[in-house]
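Put the model on screen and turn to the place where two of its chains meet. The text below walks through that interface.

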Number of protein chains: 4
Amino acid sequence: MTARRPASEARRSETSRRAILDAALDLVSEVGYTKLSVEGIAARAGVGKQTIYRWWPSKGAVLLDALLALNENQDGEVAVLPDSGDLATDLKLVLRATVEELNDSRIDEPMRALSTEIPRDPDLAATYEERLNGPIQELKKQRLRAAQRIGQLAEDADLDVAIEMIWGPLRSRWLHRSGPLTPEYADTVVETALNGLRPRRGEG
Amino acid sequence: MTARRPASEARRSETSRRAILDAALDLVSEVGYTKLSVEGIAARAGVGKQTIYRWWPSKGAVLLDALLALNENQDGEVAVLPDSGDLATDLKLVLRATVEELNDSRIDEPMRALSTEIPRDPDLAATYEERLNGPIQELKKQRLRAAQRIGQLAEDADLDVAIEMIWGPLRSRWLHRSGPLTPEYADTVVETALNGLRPRRGEG
Amino acid sequence: MTARRPASEARRSETSRRAILDAALDLVSEVGYTKLSVEGIAARAGVGKQTIYRWWPSKGAVLLDALLALNENQDGEVAVLPDSGDLATDLKLVLRATVEELNDSRIDEPMRALSTEIPRDPDLAATYEERLNGPIQELKKQRLRAAQRIGQLAEDADLDVAIEMIWGPLRSRWLHRSGPLTPEYADTVVETALNGLRPRRGEG
Amino acid sequence: MTARRPASEARRSETSRRAILDAALDLVSEVGYTKLSVEGIAARAGVGKQTIYRWWPSKGAVLLDALLALNENQDGEVAVLPDSGDLATDLKLVLRATVEELNDSRIDEPMRALSTEIPRDPDLAATYEERLNGPIQELKKQRLRAAQRIGQLAEDADLDVAIEMIWGPLRSRWLHRSGPLTPEYADTVVETALNGLRPRRGEG
DNA sequence: GGATAACCGAGACGGTACGTCCGGTCTTACC
DNA sequence: GGTAAGACCGGACGTACCGTCTCGGTTATCC
């Protein structure tokens with residue numbers, strides 16, 4: 001696990017790294033991202049500011065690492081989305097899990113912070129894409145391609161649009177707090193995305 | 001136009017107000033929202049800082065007003081979404097217009113700034129909801145309800161979900177710059193949202 | 001007295017200015033010049049750092065002003081050196097006063113600080129020359145010229161050298177703590193400087 | 001030469017020591033004492049910071065050693081001041097040599113640095129006194145005592161005052177750059193110190 | 001038409017945080 | 001055990017803005 005980090009970081013203090021990530025998570029929950037400061041993180045972590053600037057370019061980057069570390073802890077990392085043979089069932093399962101995650105205050109605040117910082121900071125966006133969003137996006141596409149192969153998803157569907165259709169509404173409602181995040185909402189979104197908004201032929 | 005502002009603002013300097021909004025728009029395009037500062041706006045507008053703080057609570061609020069003023073200028077304000085009788089056609093029209101708007105650099109930066117600031121600032125979010133998003137959301141719902149009445153949209157569809165399905169993907173691609181905003185993309189999204197992701201029965 | 005400051009400083013807070021000068025004097029005595037910091041002065045004075053940087057270029061400049069302010073307080077400022085008609089008597093008087101001043105802990109530390117900072121900082125040196133040393137030097141020269149006129153000082157004496165001869169030893173012993181500063185020492189220096197080091201002709 | 005250092009320093013790297021002293025001299029001339037840093041010296045010398053802190057307590061101490069090393073190089077070290085039998089002649093000779101030394105940019109900056117650091121740092125002052133100033137002071141006193149013995153200097157003269165009278169003005173003019181350092185100035189000072197400021201009896 | 005009060009520009013003020021430099025200590029790997 | 005390298009905690013630097021607060025100098029109503 002530690003060995004994963006490259007040789008150039010051989011002398012890096014694992015203690016300080018953990019303290020910084022923990023402090024960042026704690027503080028962002030306590031005071032919000034806007035009032036989160038590198039100075040504050042350093043103080044809370046009992047660390048010199050330089051130790052943060054040496055390894056991260058911004059408070060957003062610290063937070064991204066903190067979030068990644070959070071995932072690594074609850075290991076057995078899902079390397080793949082579930083595939084029971086039925087797309088709708090699986091998507092509901094996944095979205096319900098996402099609902100739970102976004103309702104987890106440990107994740108909610110830092111994730112919200114990242115979501116609003118990424119469009120402002122191209123460097124952070126690139127890292128986020130590479131380390132977090134990209135891989136996840138690929139998993140989603142794999143699952144959708146499997147569905148295409150067995151005729152559960154239109155063959156000519158644009159997968160990026162499809163992903164947006166499925167995961168977008170949840171994310172949007174969460175980010176703008178425009179409604180409660182419930183398992184039922186997850187189900188509704190999946191059904192609507194798959195079936196479309198038109199009245200279903202032969203219904204009623 | 002000026003008369004629209006309440007009596008309490010009778011003594012307010014229209015010159016300063018315009019200068020501030022213009023300066024805000026100019027600066028946010030030049031330096032980005034993060035480096036935009038009340039101090040900078042005041043300097044650029046040739047105005048005292050207090051004149052800004054007297055009328056707006058934050059730089060975000062200034063920008064919101066600036067954006068609203070921008071809309072008021074290009075008058076003939078569409079008080080309603082087009083209704084040709086065919087929902088798909090109308091939605092494509094509207095989304096193509098949105099595509100053009102979001103490609104307009106005059107609007108792009110301030111809009112992006114607001115989009116990332118709103119989830120961080122409840123007060124700004126409330127104002128945004130009341131002055132800009134709420135009314136627009138209502139127009140969209142009206143158009144969708146009309147479609148429901150003539151059987152072009154499922155009667156049991158959750159309109160909030162529907163709106164997210166239709167307008168979400170465009171907004172998301174724009175905000176994260178995850179692909180080009182083209183008229184064709186607008187069309188694809190409308191079709192996908194209406195028809196759903198499942199293979200259409202009897203197709204092929 | 002306050003009116004002496006130029007119009008450009010009309011809005012300057014006299015309260016803050018006094019607090020800063022007082023804090024600087026207190027701190028330099030407590031912790032020494034090396035550990036004196038602008039940050040520390042600001043904190044002690046209950047003032048923002050910018051308020052110091054707005055009006056002074058360095059901690060040395062603050063200290064110089066503090067010292068000048070100290071002199072202004074004990075008014076009745078001697079605009080001229082005493083002239084009783086006898087040079088030796090007057091010089092002893094003046095040097096004994098200097099001895100007392102340099103033994104005053106209120107003056108000792110800041111003066112010592114300035115003395116070591118001036119050779120390092122040309123800007124500070126210029127200000128010091130203009131505001132403090134220059135005028136004093138002029139007074140000394142006036143007194144010595146008077147002595148020349150009545151034959152108590154060699155007509156061809158270089159006044160700069162003369163001043164160094166008279167005031168230098170005291171200053172040197174003080175700066176390097178190479179011996180106690182006593183009235184007797186002052187007298188010895190005056191006698192030696194006036195009579196020279198050679199054996200006096202006809203003595204003994 | 002190397003053997004002069006005590007046994008405890010047996011393992012000390014002479015290469016590093018030289019590199020540090022050279023780097024210190026170079027840097028103090030380039031950037032001035034204030035901006036001279038242990039970090040900078042280490043980097044320039046290609047040496048670890050610890051190697052400096054192991055052997056010297058401060059940047060001032062390094063500089064003092066560097067200066068001492070400089071003297072040791074131009075060997076044939078004058079263990080005694082010249083004594084031709086005429087004090088005035090000898091003093092002029094010595095002061096003219098000092099003038100030349102102080103005009104040497106290789107010596108000027110580090111010496112100036114030391115001169116301003118010593119009154120701030122008692123430890124450095126002690127070392128300076130022991131290693132450099134003390135011995136020199138003793139040489140001066142020896143020469144002056146010899147002069148007293150043959151009636152060229154007043155028998156009751158305080159030698160410390162005498163030294164200050166003779167060497168002080170030069171040092172002061174140099175430190176405060178209050179005038180050019182010339183051989184003529186050296187001569188004037190010697191004459192004035194010996195003869196005193198009073199008009200000479202029987203002149204004219 | 002003279003008082004008066006809100007608005008305005010300017011910018012000083014007490015603060016917070018920035019991102020950097022360096023101090024002095026400690027650790028690692030080499031020789 | 002000395003050394004090069006450099007991470008570490010900490011303190012201060014000088015700067016940028018925050019949001020509040022005078023300060024005079026216009027307006028622009030209202031008596």
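To compare copies, their C-alpha atoms are superposed by least squares, using residues with pLDDT of at least 70 in both. The model is predicted. Chain C can be laid on chain D by a turn of 180° and a shift of 0.0 Å along the axis, with an RMSD of 0.1 Å. That is how a two-fold axis relates its copies.

In chain C, 38 residues are in contact with 39 residues of chain D. Of the interface residues of chain C, 100% are also interface residues in chain D, so the copies meet through the same surface.

How much area do the two chains bury between them? The value is about 3,600 Å², with 56% of it on carbon and sulfur atoms. On the chain C side, C:Arg120, C:Leu197 and C:Arg198 lose the most area to chain D. Together they account for 23% of what that side buries.

One joins the side chains of C:Glu191 and D:Arg198, at 4.0 Å from N to O.

α8(C) gives the most, with 10 residues. By class, the side of chain C that touches chain D has 18 nonpolar, 11 polar and 9 charged residues.

Terms used: Residues are numbered from 1 along each chain as its sequence is written. Chains are lettered from A and ligands numbered from 1 in the order in which they are written. This is a predicted model: local features need pLDDT of at least 70, side-chain atom pairs count only at pLDDT 80 or more; totals for chains, interfaces and linings use all residues. Side-chain values use heavy atoms; hydrogens and water are left out. Contact means heavy atoms within 4.5 Å. Buried area is the accessible area (1.4 Å probe) that two parts lose on being put together, summed over both. Helices (H or I, at least four residues) and strands (E, at least two) are DSSP runs, numbered from the N terminus. Ala, Val, Leu, Ile, Met, Phe, Trp, Tyr, Cys and Pro count as nonpolar, Asp, Glu, Lys and Arg as charged, and the others, Gly among them, as polar.
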